[in-house]
Amino acid sequence: MRERQAGRQRRRAQEFEAFVAGAAGRLLHAATLLTAEPARPPGANERAQRLLTAALARTYADWDRLHGEDPYNRTRQELATRFAREAWRHHHARGGLLDRLTPQERLVLVLRLHEEVAEEQTAALLGLPAERIRAICNRSVATMRGTRGPSIRRGPTRELGATP
């Protein structure tokens, strides 16, 4: 019995390691975009690395319960949820590519354009109507193109689903 459990644990660990080897780079890039930290020099995206580590730990804990679900999608969802939970507490952009955007705008832009998550899926994940996701995405793109001024940063009481 113990040998069978040990074999199962080894197989689980190997499967997870293979998943991380293939997906960690893209997930770290998404986390770095979310946190608006610079990607260089190496280690400058410390918050993104912590966010990804926590999301991967949750995926590993749920590994046996995935039942055919895509672990990348699960990890991306966990990453987005963790970012949304802590985004309005005390963290501010620190010079990254998307630092002109609010946390909500970064989250929508990364999910929709970088991760190519469908509008309806993004809306369901964030608990917002699809029209709101579309408006946030359009506003974010306009800000990044420079056709709209920088977004107004909201205070710590801002909720993810709140409208501006």
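A: **Helix α4 and its neighbours**

Helix α4 packs against helix α6 (residues 130-145) at an angle of about 100°, with the two axes 9 Å apart. That angle makes α4 roughly perpendicular to α6, a term for angles of 65 to 115 degrees. Axes here are lines fitted to C-alpha atoms, for helices over the stretch in contact, and angles run from 0 to 180 degrees between N-to-C directions. Helices are DSSP runs (H or I, at least four residues), numbered from the N terminus.

This is a predicted model: local features need pLDDT of at least 70, side-chain atom pairs count only at pLDDT 80 or more, and totals for chains, interfaces and linings use all residues. Residues are numbered from 1 along each chain as its sequence is written, and side-chain values use heavy atoms, leaving out hydrogens and water.

On the α4 side, Gln104, Glu105, Val108, Leu109, Arg112 and Leu113 meet α6 residues that include Ile133, Ile136 and Met144; contact means heavy atoms within 4.5 Å. By class, this contact has eight nonpolar, two polar and four charged residues. Ala, Val, Leu, Ile, Met, Phe, Trp, Tyr, Cys and Pro count as nonpolar, Asp, Glu, Lys and Arg as charged, and the others, Gly among them, as polar.

Now to the other neighbour. The axes of α4 (residues 103-114) and α5 (residues 119-126) come within 10 Å and cross at roughly 145°. Leu107, Val108, Leu111 and Arg112 of α4 touch Glu119, Thr122, Leu125 and Leu126 of α5. Here the residues divide into five nonpolar, one polar and two charged.

For context, the protein chain has six helices and zero strands.

Notes:
Helices (H or I, at least four residues) and strands (E, at least two) are DSSP runs, numbered from the N terminus. Angles under 35 degrees count as roughly parallel, over 145 as roughly antiparallel, 65 to 115 as roughly perpendicular and the rest as oblique.
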